[in-house]
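Here's a walk through some of the features worth looking at in this one. Have the structure open, and we'll go from one element to the next.

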Amino acid sequence: MAECHPVGFQWVMEAKRRGATVIHIDPRFTRTSALADTYVPIRAGTDIAFLGGVVNYILGNELDFREYVLAYTNAATIVDESYQDTEDLDGLFSGFDPEKGVYDPGSWQYAGHAPDSGDTDADRETARPLRHESHGPPIPAGTERDETLRHPRCVYQILKRHFARYTPEMVERVCGVPREKFLEVCQAWTRNSGRERTSALVYSVGWTQHTVGVQYIRTGAIIQLLLGNVGRPGGGVLALRGHASIQGSTDIPTLFNLLPGYLPMPHHAQHASFSDWVAAIRHPGQKGFWADARAYAVSLLKAYWGDAATAENDYCYGHLPRMTGDHGTYQTVLNMVDGKVKGYFLLGQNPAVGSAHGRAQRLGMANLDWLVVRDLYLVESATFWKDGPEVATGELVPEECRTEVFFLPAASHVEKEGSFTQTQRLLQWREKAVDPPGDCRSELWFVYHLGRIIRQKLAASTLPRDRAVLDLAWDYPVSGQHDEPSATAVLREINGFEVASGEPVSGYTALKDDGSTACGCWIYSGVFAGGVNQAARRRPGAEQSWVAAEWGWAWPMNRRLLYNRASADPSGRPWSPRKAYVWWDAGKGRWTGHDVPDFEADKDPSYRPPLGATGVAAIAGDDPFVMQSDGKGWLYVPTGLIDGPLPTHYEPAESPVANPLYRQQSNPARKTYPRPDNPLDPISAVFPYVFTVSRLTEHHTAGGMSRHLEYLSELQPEMFIEVSPELAAERGLSHLDWAHVVTARAVVEARVMVTDRLTPLRVAGRTIHQIWLPYHWGGAGLSVGDSANDLFGIVLDPNVLIQESKVGTCDLRPGRRPTGPELRRYVDGYLRRAGLRKG
Amino acid sequence: MSVAERMGFFTDTSICIGCKACEVACKEWNAIPTDGLDLLGMSFDNTGQLDANTWRHVAFVEQTHDGDLRWLMSSDVCKHCTHAACLDVCPTGSLFRTEFGTVVVQEDICNGCGYCVPACPYGVIDQRQGDGRAWKCTMCYDRIRAGGDGGRAGSGGGLMPACATACPTESIQYGPLDELRDRAARRLEQLHGEGVAQARLYGHDPADGVGGDGAFFLLLDDPEVYGLPPDPVVTTRDLPAMWRRAGLAALAMAAAVVASFVGGSS
Amino acid sequence: MGVRSWIEGWPVYRQLAGDDPTGRGEAVRSPRTAALTSRTETADSVARSVCPYCAVGCGQRVYVSGGRVTQIEGDPDSPISRGRLCPKGAASKSLVTSPRRQRRVLYRRPYGTDWEELDLATAMDMIADRVLAARAQTWEDVDEQGRPLHRTLGIASLGGATLDNEENYLIKKLFTALGALQIENQARI
């Protein structure tokens with residue numbers, strides 16, 4: 001956190017000053033470790049084993065916050081009798097289809113619930129679980145419970161059995177963490193739990209970029225629920241995201257499988273008709289706020305297609321494109337390699353350096369008809385045809401590369417107005433300081449005018465496919481010498497308005513399903529409430545409460561802490577005065593407190609839903625998790641995940657170690673792309689070392705915003721690799737000399753930094769060496785070097801289709817790598833020795 | 001010139017996260033050239049030392065004791081000495097002491113003679129290649145003397161220096177020197193109470209060889225570990241005595257000359 | 001300048017007449033030094049902004065003089081950052097003002113070995129033509145069972161995490177209407 005989010009880390013330092021204990025778990029000793037009370041080195045890719053060990057410690061010693069767990073989680077819920085655990089099936093859950101490599105999750109359901117008749121393969125292809133970023137997956141209302149937690153099939157007991165073998169000894173064996181160190185963490189974490197105390201859990205892409213990334217986070221969430229650390233101040237599972245508005249680009253998704261507000265992009269088989277689509281979102285009969293989803297869906301279509309969207313034509317539902325499978329960025333790049341894609345837009349992103357398997361990225365781009373790159377600087381993805389690594393190896397000859405490239409310079413953040421959504425769902429509006437120079441333009445300008453020109457060119461078209469373009473509501477006011485469209489007008493559309501009057505709606509509860517409201521993103525509805533840009537609010541922090549509710553605007557409805565009903569006990573009183581956040585004011589009959597209550601404001605804690613209730617009425621007065629379909633925090637996930645209802649330790653797709661826990665080596669449901677240009681190393685002696693990559697404080701992701709700047713480049717001027725003194729001795733490496741790292745995909749070179757900050761680990765009775773590389777470098781800029789992401793292959797988490805680019809296996813050799821055509825021959829030699837290529 | 005309160009820096013290295021925001025904020029504000037792109041291999045330090053083009057410098061020290069790793073980080077800066085030898089030896093009046101008690105080079109006066117460079121007991125002030133003039137931290141003299149509240153106000157009424165403004169963890173604190181000394185003493189006491197026995201202050205003592213620094217530090221190890229001189233002494237300490245001796249000698253010489261003339265005429 | 005002020009401006013006079021006989025303070029201040037002030041004070045305008053790097057969302061104040069950005073520093077009012085910035089945020093002025101920044105459209109024709117210049121309006125028109133051509137070549141109306149597809153897999157886009165919400169909204173809206181599905185950003189990575 002100190003490395004990548006230094007200014008956010010001031011609050012950790014503030015907490016430390018007030019007596020908080022800071023624990024840092026990381027494969028490598030970083031600037032965060034330097035300031036932590038305890039640093040725990042861990043083998044990359046084994047976090048579920050570690051965290052599962054903590055779960056086992058909590059349950060084995062009955063250290064859970066029982067009152068919270070019983071009332072607010074699904075611990076007491078009974079699971080179907082057909083469910084079988086990984087403990088029963090040696091690393092697999094019931095329902096696995098080895099042919100397709102997917103689960104039928106029917107047996108994972110709660111008792112008495114009909115199995116989900118979904119198509120798990122299609123769900124994996126379309127990363128369906130990503131929809132649940134704003135709300136839980138659907139289950140029928142009504143569950144069987146055992147409040148004593150003794151029923152053998154209640155979630156609490158299943159959890160206990162599932163993690164029983166995650167002992168301190170096992171943690172030591174899998175993770176390389178000495179058991180004393182592990183127990184120190186367990187004790188600190190559990191001691192800090194209960195009515196008076198909470199702990200926060202913070203992660204970044206060190207968790208998400210794994211084939212079990214979602215389950216990593218699930219394990220963290222299980223611990224936080226067991227210890228009563230969710231929905232309470234000082235608690236939570238906090239994702240520190242790495243780009244200024246990456247949360248915004250998830251909420252208003254530039255993602256293939258989502259529409260704004262986590263509505264699904266239609267699937268050709270699952271959502272053939274409008275009513276199929278709406279039913280799939282609403283799930284009639286389920287509990288919670290998602291039951292009103294038809295209003296969100298209709299309002300989105302009204303925002304897209306305006307007057308053309310009517311009840312008679314299903315609000316232009318037919319204009320939406322349909323998914324048939326995986327259309328994610330990695331599948332798309334492989335399709336480019338195969339010549340199936342014509343044109344590609346890169347809008348402030350540099351996949352030649354930033355995405356896994358850089359060679360596939362660059363060779364894919366070299367096989368397009370055309371490429372549009374919009375950026376501030378000439379990044380590697382704009383110049384690969386001229387000076388990319390494949391030009392040096394002879395794989396790419398500029399005179400033979402057909403890709404037509406347009407580089408359009410972009411406006412910077414001070415040259416346009418608009419809002420970013422930061423990592424805590426907070427929208428902050430930026431004022432424009434100056435006009436962009438030269439040909440530089442905002443993305444808003446580019447997209448608006450591209451749409452305008454295309455619509456002009458199609459104006460006379462009678463083709464059915466062009467109706468969606470011509471019907472589009474595309475009349476944003478423009479101003480200034482460049483006809484810049486109004487970002488404020490776009491934000492008003494995102495907020496939503498009454499179609500008849502054009503007046504902004506006050507929030508998503510005001511949205512209608514009859515076409516009388518339009519709303520570009522229902523979860524952002526309220527950001528323009530009262531006709532005021534709420535994201536532009538800047539009441540100084542010093543002049544308001546510590547919650548700072550009048551700085552910017554957080555979705556949903558300006559709530560700063562989600563599920564904050566859990567900050568009060570079941571009767572609605574704060575768990576303790578120290579930890580008071582929102583509470584029930586019985587006198588006024590309302591929820592009140594420091595934040596906007598994440599609950600119906602007048603729902604009494606004693607409210608119990610009548611039999612057969614659905615929707616919001618089915619949420620009881622003590623069900624804090626209002627966007628979950630049973631109102632509970634899910635320790636166990638009966639539906640909605642592709643790879644199992646509980647987290648299970650699997651080895652990374654590339655690992656030098658056989659899974660010490662199960663015969664099942666890796667996540668059986670992981671998404672693979674088996675093809676000759678994407679080889680993955682099975683356990684082999686050819687690639688004996690573990691490598692991991694991350695960022696440096698001084699640079700930013702693929703370097704497009706840092707390696708072109710003098711002041712940042714001089715602080716970290718060159719690509720380097722960190723190795724322990726032991727590994728340096730083993731491989732004959734000297735400090736500051738060159739070395740090269742080889743994987744099944746690539747070889748990259750770097751200067752050697754020998755440091756005690758990396759340490760060999762004892763894992764399963766042997767020594768495992770880990771090396772670390774920063775992934776910022778590429779061939780363009782003031783500071784240039786080889787790209788660490790070239791080392792990775794493409795293998796994805798099955799729930800969200802995010803790649804495993806935080807761990808892999810490699811060889812490490814002194815000296816510089818080969819150059820020219822010899823380079824590929826060198827890598828091919830490794831592939832042959834590893835048995836990955838014949839001949 | 002009205003004399004304001006003496007202002008200073010207290011750099012508490014125990015909460016430094018080594019982010020180098022101070023280095024960048026300093027360069028952006030003062031438009032300082034880069035020092036060049038060199039991987040130095042000194043842990044994460046790639047600017048090396050304070051010089052004409054680096055007015056804040058973060059040192060990184062990796063230490064291993066009995067298998068326990070410690071990574072010290074410390075942002076160094078010009079000490080703005082009470083007895084500043086650079087100022088003493090400056091023949092042009094380019095170096096001067098401001099109303100805040102800080103020591104500043106005036107770039108329009110400096111003639112690049114370089115006398116100040118060897119005079120500095122800390123090796124801070126330096127001549128810029130290709131420019132020849134001497135450059136060092138000004139404690140953002142332009143910012144701290146500004147009025148208004150356009151940024152985080154320093155206690156002097158002006159803005160805080162760029163480095164202290166940026167510092168994410170308040171490792172770099174700017175304020176009236178007396179207040180900072182009190183704050184530092186309390187922080188030291190707290191750390192000692194927490195068992196951090198090695199914590200000590202550096203440059204805080206008006207009785208030291210430079211009369212105390214306007215920029216002082218809380219360190220977690222010996223100064224040498226951070227590349228700081230353990231017992232700095234103002235290099236011009238003996239100047240007054242030397243001048244007295246030189247003066248006496250000159251008088252004696254003059255008397256002898258006079259005597260010889262007198263004698264000669266006799 | 002009168003003789004009196006000329007004499008009074010002479011450092012030696014100031015040294016002897018003032019309270020700085022050793023010539024280390026007031027007496028030696030140059031007119032430039034005397035006139036020094038913070039350029040944030042004299043800026044024509046200040047924009048309230050947000051750091052463009054990571055997702056912490058630190059507040060920034062962008063100072064402008066003569067139509068140019070002269071300083072970017074932390075916004076002390078922000079309850080998130082309290083006026084502080086990391087080295088990247090502190091380098092924001094360089095990010096937007098660097099001479100290395102590309103300010104003109106560049107074009108690389110197929111099989112070309114170097115960049116060429118291109119007019120922005122021409123580039124926009126050419127891109128629109130290419131979008132329409134790619135779409136026409138790869139359009140899919142229905143699947144093998146006759147269910148609607150209404151799409152093209154011939155066009156892809158990557159990027160959005162560094163852009164504004166409003167920009168992401170328009171990107172998604174336009175590409176969805178064009179039938180382009182393969183719209184992705186760093187959030188997938």
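Let's begin with a helix end: helix 21 of chain A is followed by A:Gly496, which has a positive phi, near 105°. Keep in mind that what you're looking at is a predicted model.

Is helix 21 of chain A enclosed or open? Of the 9 residues in this helix (residues 487-495), 7 are buried, so the rest of the structure largely encloses it. The buried set is A:Ala487, A:Val490, A:Leu491, A:Arg492, A:Glu493, A:Ile494 and A:Asn495.

What do those buried residues pack against? Within chain A, the partners are helix 13 (293-305), strand 12 (418-421), helix 19 (443-458) and strand 16 (497-498). Chain C joins in too, with helix 7 (165-177).

That brings us to the interface between the two chains. The contact takes 131 residues from chain A and 99 residues from chain C. On the chain A side, helix 19 gives the most, with 10 residues. Sorted by class, the side of chain A that touches chain C has 68 nonpolar, 44 polar and 19 charged residues.

There's strand pairing across these chains as well. Strand 9 (residues 343-347) of chain A pairs with strand 7 (residues 148-158) of chain C in the parallel sense, over 4 bridges. To find the spot on screen, go to A:Phe345, whose bridge partner in strand 7 of chain C is C:Ser157.

As for chain C itself, the model has 7 helices and 8 strands there. Buried residues make up 53% of its 189 residues. Among contacts in chain C with a separation of 6 or more, 30% are between residues 24 or more positions apart.

Back in chain A, here's another enclosed element. Strand 28 (residues 770-774) has 5 of its 5 residues buried, so it is largely enclosed by the rest of the structure. Both faces are covered: A:Gln770, A:Trp772 and A:Pro774 are buried on one side, and A:Ile771 and A:Leu773 on the other. Strand 28 of chain A pairs with strand 22 (residues 689-694) of chain A in the parallel sense, over 5 bridges. In that pairing, A:Phe691 stands opposite A:Ile771.

Now for the domains. The domain assignment of chain A gives domain 1 (46-239) and domain 2 (671-833). Taken over C-alpha atoms, the centres of domain 1 and domain 2 of chain A are separated by 32 Å. The contact takes 15 residues from domain 1 and 20 residues from domain 2 of chain A. On the domain 1 side, helix 9 (205-208) and helix 10 (213-226) of chain A are the elements that give two or more residues. Helix 9 of chain A gives the most, with 3 residues. By class, the residues on this side of domain 1 divide into 6 nonpolar, 7 polar and 2 charged.

Next, some backbone geometry. Most residues other than glycine have a negative phi, and most peptide bonds are trans.

| Residue | Phi | Other C-beta atoms within 10 Å |
|---|---|---|
| A:Asp314 | about 55° | 17 atoms |
| A:Arg425 | about 70° | 21 atoms |

Where do these two sit? A:Asp314 lies in the loop between helix 13 and helix 14 (329-337) of chain A, while A:Arg425 is found in the loop between strand 12 and strand 13 (426-430) of chain A. Which of the two is buried, and which is partly exposed? A residue counts as buried if 20 or more other C-beta atoms lie within 10 Å of its own. A:Arg425 is therefore buried, with 21, whereas A:Asp314 is partly exposed, with 17.

From A:Trp555 to A:Pro556 the bond is cis, with omega near -10°. A:Pro556 has its place in the loop between strand 18 (553-554) and strand 19 (582-585) of chain A.

Finally, a word on confidence in chain B. This chain averages a pLDDT of 90, and 85% of the residues score at least 70. Over residues 148-156 of chain B, though, the pLDDT is below 50. Beyond near neighbours in sequence, that stretch has 30 contacts in the model.

Key: Residues are numbered from 1 along each chain as its sequence is written. Chains are lettered from A and ligands numbered from 1 in the order in which they are written. This is a predicted model: local features need pLDDT of at least 70, side-chain atom pairs count only at pLDDT 80 or more; totals for chains, interfaces and linings use all residues. A residue is buried if 20 or more other C-beta atoms lie within 10 Å of its own, exposed if 12 or fewer, and partly exposed in between; C-beta atoms are placed from the backbone. Two residues are in contact if their C-beta atoms, placed from the backbone, lie within 7 Å. Domain bounds come from an automatic or database domain assignment. Ala, Val, Leu, Ile, Met, Phe, Trp, Tyr, Cys and Pro count as nonpolar, Asp, Glu, Lys and Arg as charged, and the others, Gly among them, as polar. Two strands pair if DSSP finds at least two bridges between them. pLDDT is the predictor's confidence in each residue, from 0 to 100.
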